[in-house]
Amino acid sequence: MSPQFYDKYFEDYFSKLSLSQLPQSQPLREIHFIKYPTSNAAGTVIFKIHHSIGDGYSLVGALLSCLQRADNPSLPLTLPSVQPRVDTSGDHGTIFKTVPKIFSLLFYTVSDFLGSLMKSSLVEDDLSPIRSGDIGIEFRPIALASMTFSLGQIKQIKATLGVTINDVITGAIFLGTRLYMQEMSKGSSNHSNCTALVLLNTRMFRSYQSIKEMVKPKAESPWGNHFAFLHVQLPELVASTELNPIEFVRKSQQIIKRKRSSWAVHLTAAFVETVKKLKGHEVAAQCIHKTLLNASVLITNMIGPVEKMCLANHPIKDMFFVLAGNPQSLTITIVSYMDNLRVTVGAEKGFVDVQKLKSCIEEAFQMILKSAAGEIQQMK
């Protein structure tokens, strides 16, 4: 059969696989081998793993321990360098700088924490082209669409705007999502209240650890689920004649940077952990379910190796991951691998047009890239 036929077969198979429950009588994991060529690869391997076993950090760490470098299996896989955020404002020692920062930190921590609790329990996002608000979305099939961006181009934008790689790709996703909403609703969703839940790893991430290291008592990066939600409001889309893609990226960066600078994320994680200890796992799961249900989109990312990998001497061309079974109409995952960044859209089938959303995100990225190139020309 043609690659196009197998593309459709793979999409249908993946959609059905995302709906099927893992049998309780066996370990909560499966490996599926699809030995048919699609337009993307000669074959596909799917790891289906229940989230209760561990979060992305744990599972990717386990996966990487099964893989080798394609160029030299005796050498370890390496990851892109992770540089901590550095405050370059200066004057840290003066009381006139320190005291206002402390009060600002406390204010935003309380504000963000209470706001997070409100959004997790009482306040729902508006219904929009990316949020149906229906009950039982987690039991509906999902549609997939993937796109690949060059890390080289992303780094060009990063250097020009003085932001991070995450800021660039998040800005492109936010802008593309707003463009999609505008197109699907003819502009009526420009000012819709839309929240993105950004999943953050609460470990001190430097590199993935082996399973042996993660399961040690008092491990620095322990196995399990150690994450928290960051509620980020999607910037509103102004009239197309006034749209400045770079300002959209900077606005997204300001929102995320300001929220990450407070302690609210750690308080939220501690709150869920306290609920789990006092009320049990089911009550904690209900809190997480309600948090997901009230938001419009879930965004999560992982860091992959810079070298090409192989599995049992089979070279791996690309990889991506998807979250299934969450009560949202839209989930976006990001993973880096070699010189590219893979963005995958998983959406409620029949409600979100994933191909249209994909084209809007790709258009948004090109708009940002073009505007950044224009700024370089102006500086010259």
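Colleague: What makes strand S6 count as mostly covered?

Modeller: Of the 7 residues of S6, 5 are buried. A residue is called buried when its relative accessible area is under 20%, exposed when it is over 50%, and partly exposed in between, with a 1.4 Å probe and protein chains only. Strands (E, at least two residues) and helices (H or I, at least four) are DSSP runs, numbered from the N terminus. This is a predicted model, its residues are numbered from 1 along each chain as the sequence is written, and side-chain values use heavy atoms, without hydrogens and water. Local features need pLDDT of at least 70 and side-chain atom pairs pLDDT 80 or more, whereas totals for chains, interfaces and linings use all residues.

Colleague: How do you know that S5 and S6 pair?

Modeller: Two strands pair if DSSP finds at least two bridges between them. S5 and S6 have 7 bridges, in the antiparallel sense, and therefore meet that condition. Within this pair, leucine 197 stands opposite histidine 231 in S6.

Colleague: Why are S4 and S6 said to stand at the edges of their sheet?

Modeller: The sheet is open, with 6 strands in the order S4-S11-S10-S7-S5-S6 and mixed pairing. S4 and S6 (227-233) each have a single partner strand, so one side of each lacks a neighbour in the sheet. Neighbouring strands of this sheet are turned by 20 degrees against each other on average, direction ignored. Such angles are taken between axes, which are lines fitted to C-alpha atoms (for helices over the stretch in contact), and run from 0 to 180 degrees between N-to-C directions.

Colleague: How many residues of S11 are buried?

Modeller: In S11 (residues 340-348), 8 of the 9 residues are buried, and the strand is mostly covered. Between S10 and S11 lies a hairpin with 2 residues between the strands, where methionine 338 takes a positive phi near 60 degrees. Tyrosine 337 has asparagine 340 in S11 as its bridge partner.

Colleague: What caps the N-terminal end of H4?

Modeller: Serine 150 does, with a side-chain oxygen 3.2 Å from the backbone nitrogen of glycine 152. A polar contact is a pair of N or O atoms within 3.5 Å; within protein, one must be able to donate a hydrogen and the other to accept it, and residues adjacent in sequence count only if both atoms are side-chain atoms. After H4 comes glycine 162, with a positive phi near 70 degrees.

Colleague: Why is serine 192 called buried?

Modeller: Its relative accessible area is 9%, so it falls under the limit for a buried residue. Serine 192 is in the loop between H5 (165-185) and S5. Not counting residues up to four places away in sequence, it touches Asp126, Ser128, Arg178 and Met181, where contact means heavy atoms within 4.5 Å.

Colleague: How many disulfides does the structure hold?

Modeller: It holds 0 disulfides, a disulfide being a pair of cysteine sulfur atoms within 2.5 Å. For cysteine 66 the nearest cysteine sulfur, that of cysteine 310, is 12 Å away. For cysteine 360 the nearest is that of cysteine 194, at 14 Å.

Colleague: Are cysteine 66 and cysteine 360 buried, or partly exposed?

Modeller: Cysteine 66 is partly exposed, because its relative accessibility is 46%. Cysteine 360, at 2%, is buried.
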